[in-house]
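Hello,

Here is the structure I said I would pass on. Please have a look at it first, then read the notes below.

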Amino acid sequence: MAEIAIFPIPNCTCFPGTVMPLHVFEPRYRSMVKHCLDNDMPMAVCHTQKVLKAVEQKATVAEALSSNQSTYKPYPVFSAGPCELMATSEDGRLALQVNMQQRYRWLHEVQSLPFMIAECEPLPDAPLSSELQAKAEQTQEKILHRLIAMTHAMPQLQDLLKQQSWQEKSPADFSFELLGLLRFGAEDMQQMLEMTQVNDRLERILQLINRL
């Protein structure tokens with residue numbers, strides 16, 4: 001179990017093994033960053049289910065820095081990890097990155113104001129039998145070959161995918177880290193994050209890239 005600070009951002013789904021850069025300006029979330037840094041608390045960045053309280057977008061930076069924006073209900077499955085403060089601007093805005101180390105499931109709310117903290121449990125993938133492991137590796141290879149063929153006009157991405165390190169990743173690590181590079185619809189991304197069968201996740205990735 002772990003207490004995790006929750007940063008809900010519409011259409012934002014993060015995966016274990018990836019790094020999420022953030023530009024934080026709302027007062028409550030600047031307080032949340034300080035709380036996480038002071039208390040070594042992990043931070044989650046997660047997609048949202050709905051708006052709980054709508055607030056008009058502020059017209060100026062000064063207004064945005066002095067007031068909170070809309071409040072959202074987060075999805076109950078997300079990735080989290082330690083945040084690292086990279087820079088603080090003169091007006092108080094924060095540039096940070098969150099190193100997503102693990103996937104979690106929300107159990108219950110610990111705190112709602114001024115920012116959310118939840119008691120969470122890790123959400124690992126289901127173990128793979130030798131047969132399912134072999135199937136996952138085959139699908140992983142299909143995805144790599146398909147992406148390499150599709151990215152001939154993007155040499156940097158193609159060179160990355162051709163690196164030996166990508167060939168050697170486990171199917172689970174491969175699927176999560178690949179989803180940190182690719183972007184599909186928010187609901188598709190959230191659905192894949194919640195899958196605990198790595199074969200299901202890989203098959204869904206293959207389906208989606210074959211539609212591109």
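**Notes on the model**

H47 is buried, at a relative accessible area of 2%. Buried means under 20% relative accessible area, exposed means over 50%, and partly exposed is in between (1.4 Å probe, protein chains only).

Some ground rules. This is a predicted model, in which local features need pLDDT of at least 70, side-chain atom pairs count only at pLDDT 80 or more, and totals for chains, interfaces and linings use all residues. Residues are numbered from 1 along each chain as its sequence is written, and side-chain values use heavy atoms, with hydrogens and water left out.

**Around H47**

H47 sits in the loop between β3 (43-46) and β4 (48-53). Helices (H or I, at least four residues) and strands (E, at least two) are DSSP runs, numbered from the N terminus. The H47 side chain reaches the backbone nitrogen of N11 at 2.9 Å. Leaving aside neighbours within four places in sequence, H47 is in contact with I9, P10, N11, C12, T13, P74, Y75, A186, E187 and Q190. Contact means heavy atoms within 4.5 Å.

**Strand β3 and its partners**

β3 leads up to that loop. M43 and V45 point one way from β3, A44 and C46 the other way, and all are buried. Which strands pair with β3? β1 does, in the parallel sense, over four bridges. Strand β6 (residues 77-81) does too, in the antiparallel sense, over three bridges. Two strands pair if DSSP finds at least two bridges between them. On the β6 side, V45 stands opposite S79.

**Helix α1**

The 13 residues of helix α1 (residues 27-39) should span 18 Å at 1.5 Å a residue, and its end C-alpha atoms are 18 Å apart, which agrees. The expected span is 1.5 Å times one less than the number of residues.

R28, Y29, M32, V33 and C36 are buried in α1. Seen down the axis, the buried residues of α1 fall within an arc of 145 degrees, so they line one face of the helix. The arc is that of the directions from the helix axis to the C-beta atoms. K34 and D38 are exposed on the other side of α1. What covers the buried residues? The cover includes β1 (2-8), β2 (19-24), β3, β5 (71-74), β7 (83-88) and β8 (94-99).

R28 has a relative accessible area of 9%, so it is buried. Its side chain makes a polar contact with the side chain of E26, at 2.9 Å. A polar contact is a pair of N or O atoms within 3.5 Å; within protein, one must be able to donate a hydrogen and the other to accept it, and residues adjacent in sequence count only if both atoms are side-chain atoms. After α1 comes D40, whose phi is positive, near 50 degrees.

**V19 in β2**

V19 belongs to strand β2. Is V19 buried or partly exposed? With a relative accessible area of 47%, V19 is partly exposed. Not counting residues up to four places away in sequence, V19 touches Q97, V98 and N99.

**Helix α3 and L144**

The 21 residues of α3 should span 30 Å at 1.5 Å a residue; the end C-alpha atoms are 30 Å apart, which agrees. A136, T139, Q140, I143, L144, L147 and I148 are the buried residues of α3. They pack against α4 (155-162), α5 (164-168), α6 and α8.

L144 is found in α3, which covers residues 130-150. L144 counts as buried, at 4% relative accessibility. Its contacts are L161, W166, Q167 and F174, not counting residues up to four places away in sequence.

**The nonpolar cores**

How many residues does the largest nonpolar core have? It has 26, and those with the most contacts inside it are I143, L178, F184, M192 and I209. A nonpolar core is a set of buried Ala, Val, Leu, Ile, Met, Phe, Trp, Tyr and Cys residues joined through side-chain atoms within 4.5 Å. α3, α6 (171-179), α7 (186-194) and α8 (198-210) each supply at least two residues of this core. The largest share, six residues, comes from α8.

F184 touches L179, M189, M192, L208, I209 and L212, leaving out residues up to four places away in sequence. A second, separate core has 21 residues, among them A5, C12, M20 and C36.

Best wishes
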